[in-house]
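Take a look at the aromatic rings in the model below.

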Amino acid sequence: LQSIATKKLSDKEVFEDACLRCHDMKYDKLMSPSDKTALKAYMGTIPPDLSIMIRAKSEDYLATFINDPQKQLPGTSMPRVGLTKHAQEQVVSYMEKVGDRKKDERNELGYKLLIYMGIFTVLAYAWKVKIWREVH
């Protein structure tokens, strides 16, 4: 069987296999092939789009929710997916790539902002000392 097994699935392929049956990923232009009215009749609601779920919920929340949805949201109609730890990480990684594309840019900007604020604080303090020195 190992000769016919796929060698390695990409993050997107794992997501398509595990989640795309019910959920959409509109930011990546992936739509569920399932009939929405049938899904609503079966589950009671239309499954949400997962494009920005990584920003709405934390990575830890999603990692737990994927394999044990009843633990995070009791009474949910989402079935237990049953992914391995590695496949679960791939799904969360794909959701992060699609839903939070600017994360690295935002993190890099944070350091620049801290440096700017540090320099500004030193200059503001020096200006305050100069002004108060002239007053006294």
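Start with two residues, phenylalanine 15 and tyrosine 94: both are buried. The model is predicted. It holds 3 aromatic pairs. One of them joins phenylalanine 15 to tyrosine 94, with 5.0 Å from centre to centre and 40° between the planes, a tilted arrangement. This pair links distant parts of the chain. Phenylalanine 15 sits in helix H1 (residues 11-18), tyrosine 94 in helix H6 (residues 85-99), and 79 residues separate them.

Now turn to another pair. The ring centres of tyrosine 116 and phenylalanine 120 are 6.2 Å apart, and their planes meet at 20°. Why is this pair stacked? Planes under 30 degrees apart count as stacked, so the 20° angle settles the matter. Here both partners belong to helix H7 (residues 103-135). They are 4 residues apart, about one turn of the helix. Phenylalanine 120 has 47% relative accessibility, so it counts as partly exposed.

Go back to phenylalanine 15. Which residues does it touch, leaving aside neighbours within four places in sequence? Its contacts are Leu20, Met25, Leu30, Leu50, Val91, Tyr94 and Met95.

In soluble globular proteins, nonpolar side chains tend to be buried together. The largest nonpolar core here has 22 residues. Phe15, Met25, Leu50, Leu62, Val91 and Met95 touch the most other members. H1, helix H3 (53-56), helix H4 (59-67) and H6 each give two or more residues to this core. The largest share, 6 residues, comes from H6.

One more ring deserves a look. Lysine 57 lies over the face of tyrosine 61, 5.0 Å from the ring centre.

Terms used: Residues are numbered from 1 along each chain as its sequence is written. This is a predicted model: local features need pLDDT of at least 70, side-chain atom pairs count only at pLDDT 80 or more; totals for chains, interfaces and linings use all residues. Side-chain values use heavy atoms; hydrogens and water are left out. Rings of Phe, Tyr and Trp (its six-membered ring) pair if their centres lie within 6.5 Å; planes under 30 degrees apart count as stacked, over 60 as edge-to-face and the rest as tilted. Buried means under 20% relative accessible area, exposed over 50%, partly exposed in between (1.4 Å probe, protein chains only). A charge sits over a ring if NZ of Lys or CZ of Arg is within 6 Å of the ring centre and within 35 degrees of the ring normal. A nonpolar core is a set of buried Ala, Val, Leu, Ile, Met, Phe, Trp, Tyr and Cys residues joined through side-chain atoms within 4.5 Å. Contact means heavy atoms within 4.5 Å.
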